[in-house]
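I opened my notebook to look up a few spots in this structure. Here is what I noted, entry by entry.

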Amino acid sequence: MDICKIPCLFGLSEASELSELNAGHINRTFLAVCGGKKYVLQSLNSFVFRAPEAVMDNISRIEAAFAEASDIAVPHFIAAGDKNYAVTDGELWRIYSYIAVTADAAADAAAAGRHFGRFIRIMDGTELNETPSIAGFHDFGRYFSELAALDGAEPEIMRKLDSLRDKLGQVFTDSLKKRVIHGDAKPDNIIIGEAPTIIDLDTVMYGYAAIDYGDLVRSVCRSKDFDISSVRSMTKGFSQGLGGILSPQEISSLYYGILWLTGELAVRYLADSKRGNKYFRGKSSADCLARAEELLAQLDMFSSHETEIKEIIYEYFE
């Protein structure tokens with residue numbers, strides 16, 4: 001089916017204008033103008049999301065959990081009959097109203113932390129679909145094994161990553177509580193409009209709060225220099241958003257979430273640099289290797305500032 005006609009499956013008029021948005025790595029995303037209104041039209045990547053119906057079921061559950069929230073939102077996906085998606089020519093499509101951006105979410109680390117903390121608190125108690133959106137997502141051990149099988153890094157790097165795998169296994173044990181987390185927590189996944197809106201819900205999963213915290217710290221510290229101000233602001237906001245629901249054991253794990261997510265992403269980029277069918281769409285092998293090197297440098301930086309980061313965490317999570 002012509003992409004311009006896909007909005008018709010959702011009761012909208014055919015798109016009079018259609019332009020591809022290249023911000024994301026995974027799904028194909030378009031800005032569609034239908035009847036003079038703007039919509040975000042997406043095709044879910046079936047190579048990455050092997051159970052797309054489960055992804056969309058989770059999104060329905062997330063929307064229901066956020067129904068009563070007035071100060072934070074998630075996108076509302078328009079229905080096609082009794083479902084929040086439509087399938088044509090073997091592709092799953094979904095659509096929601098375009099949200100106009102009024103501010104840059106990355107400019108306020110405290111607000112970004114607060115919004116993702118609120119996400120975890122609002123989702124507390126919500127049950128997700130039994131089928132994971134991505135099997136083994138955020139499984140550091142699995143990614144490390146894949147990298148080793150590809151012979152994807154120098155021995156010194158592999159030893160460093162193997163040591164990190166051992167450390168994470170000691171911290172993230174079966175006794176540590178799992179919650180519903182976003183799974184891709186970064187300011188890029190917040191749209192500041194009439195209300196802050198958290199997007200890219202495909203990776204919402206059962207996991208540790210430290211995963212979202214670690215991803216946030218990694219994403220607000222983009223340079224090679226340690227940005228203690230951003231870490232402090234983001235940590236304060238994250239604590240405010242959570243509203244005191246974390247246990248002492250969860251609080252103790254937060255720092256290690258930073259190492260986990262930074263190291264995991266480095267492993268995934270190293271693996272992608274060695275294979276043809278890449279997870280990170282549109283990245284060359286050279287791009288992936290360069291990004292992995294940046295992340296490994298970040299990992300060293302976070303390790304060298306362990307004491308300072310832990311002090312900040314305990315300051316705001318008393």
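**Entry 1: ground rules.** Before I count anything by helix, I note that helices are DSSP runs of at least four residues, numbered from the N terminus. I also note that this is a predicted model.

**Entry 2: the second largest pocket.** With the helix numbers settled, I asked which helix gives the most to the lining of the second largest pocket. I found that helix 3 does, with 3 residues. Helix 7 is also listed with helix 3, each of them supplying at least two residues of that lining. I wrote down about 360 Å³ for the volume of this pocket. Its lining has 18 residues, and the ones closest to the centre are Phe 47, Val 48, Ile 134, Arg 142 and Tyr 279. By type, I get 10 nonpolar, 2 polar and 6 charged residues in the lining of this pocket.

**Entry 3: Ser 133.** I looked next at Ser 133, which I found in the loop between helix 2 (109-123) and helix 3 (140-149). Is Ser 133 buried or exposed? Its relative accessibility is 7%, and the cut-off for buried is under 20%, so I count Ser 133 as buried. I then followed its side chain, which reaches the backbone oxygen of Asp 202 at 3.0 Å. Setting aside neighbours within four places in sequence, I listed the contacts of Ser 133 as Val 48, Phe 49, Arg 50, Val 55, Asp 202, Thr 203 and Val 204. Val 48 was already in my notes as one of the residues closest to the centre of the second largest pocket.

**Entry 4: the cavity.** I found 1 cavity of 30 Å³ or more in the structure. The volume of the largest cavity is about 60 Å³. I sorted the lining of the largest cavity into 6 nonpolar, 1 polar and 3 charged residues.

**Entry 5: aromatic pairs.** I then went through the rings and came to 8 aromatic pairs. One of them is Phe 172 with Trp 260, at 4.7 Å centre to centre and with 70° between the planes. Why do I call this pair edge-to-face? Its planes are 70° apart and the cut-off is over 60, so edge-to-face is the label. Phe 172 sits in the loop between helix 4 (155-171) and strand 6 (179-181) and Trp 260 in helix 7 (residues 248-272), so this pair ties together parts that are 88 residues apart in sequence. I noted both Phe 172 and Trp 260 as buried.

Trp 260 has another partner in Tyr 208, and that pair is tilted, with 6.0 Å between centres and 55° between planes. Tyr 208 lies in the loop between strand 9 (205-207) and helix 5 (209-220), 52 residues from Trp 260 in helix 7. Tyr 208 is buried too, as is Trp 260. I put Phe 172, Tyr 208 and Trp 260 down as one aromatic cluster.

**Entry 6: Leu 254.** My last stop was Leu 254, also in helix 7. I found Leu 254 buried, at 0% relative accessible area. Leaving out residues up to four places away in sequence, Leu 254 touches Ala 209, Ala 210, Tyr 213, Phe 238, Leu 246, Ile 313 and Phe 317. I also checked Leu 254 against Glu 130, 124 residues apart along the chain, and their C-alpha atoms are separated by 26 Å.

Note on methods: Residues numbered from 1 in each chain as written. Predicted model: local features only at pLDDT ≥ 70, side-chain atom pairs only at ≥ 80, totals over all residues. Heavy atoms only, no water. Phe/Tyr/Trp six-rings, centres within 6.5 Å; stacked < 30°, edge-to-face > 60°. Buried < 20%, exposed > 50% of the residue type's maximum accessible area, 1.4 Å probe, protein only. 1 Å grid on protein atoms, 1.4 Å probe; cavity = no way out; pocket = protein on both sides within 12 Å on 5 of 7 lines; lining within 4 Å. Points joined across faces, edges and corners; volume = space filled by probe spheres on them. Nonpolar A, V, L, I, M, F, W, Y, C, P; charged D, E, K, R; others polar. Polar contact = N/O pair within 3.5 Å; in protein donor to acceptor, adjacent residues only side chain to side chain. Contact = heavy atoms within 4.5 Å.
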